[in-house]
Amino acid sequence: VQSILYSVSNVIIQSAVNSLGTNNVAAWAAYGKVDGLFWMMINALGIAATTFVGQNYGAQKYDRIKDGVRMGVILSILIHIPLSAIEIFGGKRIASLMVTDPSVLELCRQYLLIVGIFVFFLGFLMVFRNCIQGMGNTWIPMLSGGLEVISRLIFGYWLGRHSFMGIAAAEASAWISVSIMLGSSFFILFRKVLRTQTPENTTDTKNIRTIS
């Protein structure tokens with residue numbers, strides 16, 4: 001369901017792009033190729049977060065989950081610093097590998113500029129979403145997909161119908177809203193897990209006493 005909702009949100013953005021003309025469609029297609037390269041990196045981090053959190057959640061080593069999430073956020077920032085710089089300062093050069101029309105190149109540059117500024121929120125989104133999945137909760141990630149659809153529908157209609165830059169702003173707005181929702185949900189869920197933890201159901205060696 002989450003994957004379906006993600007596809008629906010992309011259809012919403014695509015329909016808004018189509019209404020802006022052929023140059024905008026060409027710029028959107030070029031951006032999609034660039035985004036595919038960067039997506040693989042952050043997706044790999046998300047998969048690693050799911051595995052790490054899932055293993056430690058099963059072992060009830062909750063301190064390691066907290067450390068893992070912190071490290072995931074730090075790694076996400078470190079990964080996106082160079083990627084953001086490339087999108088902000090080299091977007092036009094990257095797009096020139098796929099298109100040559102000056103007007104399309106300028107649209108790509110503008111789009112990658114906005115996306116490059118806010119792409120950090122996409123990293124946070126992926127880390128928290130996959131950590132929640134690793135803790136065995138599938139409802140919250142699914143609902144985040146619904147929020148992404150709603151955000152892109154609202155902001156895509158409100159901003160995207162005016163310009164291609166509005167499409168980029170709608171994309172960034174969806175990332176921001178969903179990352180805030182998932183980050184808040186993770187900390188609430190994690191605190192709930194800690195409250196239900198008792199000495200009898202934890203395997204933390206700090207709480208084990210040797211009785212002679």
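Among contacts (heavy atoms within 4.5 Å) between residues at least 6 apart in sequence, 83% join residues at least 24 apart. This is a predicted model, in which local features need pLDDT of at least 70 and side-chain atom pairs count only at pLDDT 80 or more, while totals for chains, interfaces and linings use all residues. Residues are numbered from 1 along each chain as its sequence is written, and side-chain values use heavy atoms, with hydrogens and water left out.

**The whole chain**

Begin with the complete protein in a cartoon view. The secondary structure comes to six helices and zero strands, and the pattern along the sequence is α-α-α-α-α-α. Helices (H or I, at least four residues) and strands (E, at least two) are DSSP runs, numbered from the N terminus. The C-alpha trace spans about 80 × 30 × 20 Å along its principal axes. Of the 212 residues, 42% count as buried. Buried means under 20% relative accessible area, exposed means over 50%, and partly exposed lies in between, with a 1.4 Å probe and protein chains only.

**Stop 1: helices α1 and α2**

Select residues 2–18 for helix α1 and residues 22–58 for helix α2. The two helices pack at an angle of about 145°, with their axes 8 Å apart. Here the axes are lines fitted to C-alpha atoms, for helices over the stretch in contact, and angles run from 0 to 180 degrees between N-to-C directions. On the α1 side, show Ile13, Gln14, Val17 and Asn18; on the α2 side, show Asn24, Val25 and Trp28. By class, this contact has four nonpolar, three polar and no charged residues. In that classification Ala, Val, Leu, Ile, Met, Phe, Trp, Tyr, Cys and Pro count as nonpolar, Asp, Glu, Lys and Arg as charged, and the others, Gly among them, as polar.

**Stop 2**

Next, select glutamine 60, in the loop between α2 and α3 (62–95). Its phi is near 60°, a positive value in a residue other than glycine. Glutamine 60 is partly exposed, with a relative accessible area of 21%.

**Stop 3: aromatic pairs**

A pair of aromatic rings is described by the distance of the centres and the angle of the planes. Rings of Phe, Tyr and Trp (its six-membered ring) pair if their centres lie within 6.5 Å; planes under 30 degrees apart count as stacked, over 60 as edge-to-face and the rest as tilted. The count comes to nine aromatic pairs. One of them joins tryptophan 28 and tyrosine 111, edge-to-face, at 5.8 Å centre to centre and 80° between the planes. Tryptophan 28 lies in helix α2 and tyrosine 111 in helix α4, so this pair ties together parts that are 83 residues apart in sequence. Tryptophan 28 is buried at 13% relative accessibility, and tyrosine 111 is buried at 0%.

Now move to phenylalanine 121 and phenylalanine 124, an edge-to-face pair with 6.2 Å centre to centre and 80° between the planes. These two residues are three apart in helix α4 and are therefore separated by about one helical turn. Phenylalanine 121 is partly exposed at 26%, and phenylalanine 124 is partly exposed at 21%. Then select Phe128, Phe186, Phe187 and Phe190, which ring pairs link into a cluster.

**Stop 4: valine 115**

Remain in helix α4 and select valine 115. Is valine 115 buried or exposed? Valine 115 is buried, with a relative accessible area of 1%. Beyond its neighbours within four places in sequence, valine 115 is in contact with Tyr31, Glu87 and Trp175.

**Stop 5**

A disulfide is a covalent bond between the sulfur atoms of two cysteines. With the rule of a pair of cysteine sulfur atoms within 2.5 Å, the count comes to zero disulfides. Show cysteine 108, which is buried at 3%, and cysteine 131, which is buried at 1%.

**Stop 6: asparagine 137**

Finally, select asparagine 137, in the loop between α4 (102–134) and α5 (139–158). Asparagine 137 counts as buried at 18% relative accessibility. A polar atom of its side chain lies 3.1 Å from the backbone nitrogen of tryptophan 139. Not counting residues up to four places away in sequence, asparagine 137 touches Ile132 and Leu189.

Note on methods: Polar contact = N/O pair within 3.5 Å; in protein donor to acceptor, adjacent residues only side chain to side chain.
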